[in-house]
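I opened this model to record its sheet, a helix pair and a ligand shell. My entries follow the structure below.

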Amino acid sequence: MKERLSGIIWLITRKCNLSCIHCYVADRFKQELSTEECLRILREAAELDVRFVGLTGGEPLIVFDKTRKIVEEAYRLGISTSIQTNGTLIDRTIAEWLANYDVFTYVSLDGPTEEIHDAVRGKGTWSRTIRGIELLSKLDVEFTIVMAVSKINYKYASSLIELAENLGACSAAVIPVIRAGRARSNITINSREWITVLRKVSEYANELRFPLSIWCAPFALLVAKSPYVRCYSCRRSSVVDVDPMGRLLLCDVLDIAIADLRELRFSEALKIFDEHPLNIEISEQIPKECADCPIREFCRGGCYARAYIERGSLNLADPLCPRLADSLH
Ligand code: SF4
Ligand code: SF4
């Protein structure tokens, strides 16, 4: 039987030391769980045999005491951890701590040059992030470079693969910016731009034999043909998204809360989630537009959050899908 709860993507904080133009968390959450509440939730997840917890934000290192306690408790419980960070707060002490607790680290780099990265994340961020990455590399912390692809940087996405390799990353990842939080439609890319990115990054990954993950775009299977490229579908996932207030969200970019872990035990919240009509809709139904698609059983309509945000329904196909590109634009 498929395991129910393999992992948690946990938006541990809404706070951040930067103000990136594409941030999907900005202004969305009113409160945050206390560290004690987080540890209680983690222990309940451990009882359900969760295998990994991915801490993201906001910036997890800005609430380092909370992040540290969760990671160390997870380590004690045998749960593997990762953090998604902008890298600017990584100093030697933090890098050593990440190494000691085997924390896989995802570092955001939104362009292959200072000019492009700083245009997205703010002046001076490139040099601080690169310094953090160099420390990770020096101390043998395993890390991936992640690029959020927008109108500002999509033309440079393929250069990031080589840069990630040169910086000592074990892989690279790309994700299209979605219209949530601070991100507006003037920076999100359209399907033609995203398809150009997918072709180029997968060609580069293949040429360099460098592992590349494509996040939140399962239809990439249609264009990214390389054994070095992976993509995933979230529609029947055993991973859940938890927000800074302790709610199980339908997806972490959508303000659709299904159950509240402050009020319920994890097992109870999970049961409510599994039986919720919206969860059943996204996991059981495939959009009609996808009926004759050769990869429909894998992709299942792509990103339902983007379909909801851009097209007004969870059960329409992903507006970035190449098969739909011509009919949508
Ligand atoms: S719904 Fe979309 S944004 Fe959310 S996890 Fe799935 S692919 Fe990613
Ligand atoms: S047609 Fe539907 S199932 Fe096929 S790739 Fe596009 S979104 Fe995915």
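**Sheet, helices and ligand shell**

I began with strand β1 (residues 7-11), which runs parallel to strand β2 (residues 52-56) and is joined to it by five bridges. Within this pair, I found Gly54 of β2 as the bridge partner of Ile9. Helices (H or I, at least four residues) and strands (E, at least two) are DSSP runs, numbered from the N terminus.

I noted that the model is predicted: local features need pLDDT of at least 70, side-chain atom pairs count only at pLDDT 80 or more, and totals for chains, interfaces and linings use all residues. Residues are numbered from 1 along each chain as its sequence is written, and chains are lettered from A and ligands numbered from 1 in the order in which they are written.

I then traced the open sheet: its 11 strands follow the order β8-β7-β6-β5-β4-β3-β2-β1-β9-β10-β11, with mixed pairing (two strands pair if DSSP finds at least two bridges between them). β8 (229-231) and β11 (257-260) each have a single partner strand, so one side of each lacks a neighbour in the sheet.

Next I looked up the helix pair. The axes of α6 and helix α7 (residues 191-208) cross at roughly 35° and come within 8 Å (axes are lines fitted to C-alpha atoms, for helices over the stretch in contact; angles run from 0 to 180 degrees between N-to-C directions). Ile161, Glu162 and Glu165 of α6 meet Val201, Tyr204, Ala205 and Leu208 of α7 (contact: C-beta atoms, placed from the backbone, within 7 Å).

Finally, I listed 14 residues around ligand 2, the closest being Phe219, Cys290, Cys293, Cys299 and Cys321 (C-beta atom, placed from the backbone, within 6 Å).

Notes: Contact = placed C-beta atoms within 7 Å.
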